[in-house]
Amino acid sequence: LRSLCALVIFSCLLGYSSSDGVKCYFCDSMTGTCTDDSPGTSKQCDPGHGCMITLETKVGKDDLLIRDCSEVSVDEAFKCVTDVGDDATLKTCNCKTDLCNKNWAEAGFT
């Protein structure tokens with residue numbers, strides 16, 4: 001019972017309940033405004049999932065910036081990665097707190 005009380009108190013202090021999903025920013029630079037200064041609108045994500053921010057930079061093309069709910073649900077996957085290809089670079093961060101995909105710093109990119 002003490003463990004349950006401690007868990008409830010801890011969840012309240014974090015402002016997060018495991019039964020509720022986090023809120024994330026949502027935008028797509030292909031279909032509207034999505035920039036470093038304009039993170040989009042917030043939306044509720046499915047329980048157990050986090051947020052993501054991703055930037056695709058291609059040679060000779062416009063950059064593509066997307067913020068949305070993440071499909072990631074495993075703690076080890078909540079991190080930032082950069083994949084460099086021959087003609088494109090993909091930078092992605094998955095994070096798990098409310099509105100953590102506002103910018104790269106808040107998403108955990110260092």
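# Why these labels?

Q: What makes the pair D75 and K96 a salt bridge?
A: The closest N and O atoms of D75 and K96 are 2.9 Å apart. A salt bridge needs a side-chain nitrogen of Lys or Arg within 4 Å of a carboxyl oxygen of Asp or Glu.

Q: Why can D75 and K96 be said to tie parts of the chain together?
A: D75 lies in the loop between β4 and β5, and K96 in the loop between β6 (88–95) and α2 (104–107). These parts are 21 residues apart in sequence, so the pair ties them together.

Q: What kind of model is this, and how are residues numbered?
A: The model is predicted, so local features need pLDDT of at least 70 and side-chain atom pairs pLDDT 80 or more, while totals for chains, interfaces and linings use all residues. Residues are numbered from 1 along each chain as its sequence is written, and side-chain values use heavy atoms, without hydrogens or water.

Q: Why is K96 called partly exposed?
A: K96 has 41% relative accessibility. Buried means under 20% relative accessible area, exposed means over 50%, and partly exposed is in between (1.4 Å probe, protein chains only). So K96, at 41%, is partly exposed.

Q: How many salt bridges does the structure hold, and what links D68 to K43?
A: The structure holds two. One of them joins the side chains of D68 and K43, with N to O at 2.9 Å. D68 sits in strand β4 and K43 in strand β2, 25 residues apart.

Q: How do you know which stretches are helices and strands?
A: They are DSSP runs, numbered from the N terminus: helices are H or I with at least four residues, and strands are E with at least two. By that rule, the chain has two helices and six strands. From the N terminus on, they run α-β-β-β-β-β-β-α.

Q: Why do β3 and β4 count as paired?
A: Two strands pair if DSSP finds at least two bridges between them. Strand β3 (residues 51–58) and strand β4 (residues 64–69) have six bridges, in the antiparallel sense. So the pair passes the test. T54 has I66 in β4 as its bridge partner.

Q: What makes β2 and β5 edge strands?
A: The six strands form an open, antiparallel sheet in the order β2-β1-β4-β3-β6-β5. β2 (41–44) and β5 (80–84) each pair on one side only.

Q: What makes M52 a contact of I66?
A: Contact means heavy atoms within 4.5 Å. I66 touches C27, D28, C34, M52, I53 and T54, not counting residues up to four places away in sequence.

Q: Why is a group of residues called a nonpolar core?
A: A nonpolar core is a set of buried Ala, Val, Leu, Ile, Met, Phe, Trp, Tyr and Cys residues joined through side-chain atoms within 4.5 Å. The largest here has 15 residues. Those with the most contacts inside it are C24, C51, I53, L65 and W104. β1 (23–28), β3, β4, β6 and α2 each supply at least two residues. β3 gives the largest share, three residues. In soluble globular proteins, nonpolar side chains tend to be buried together.
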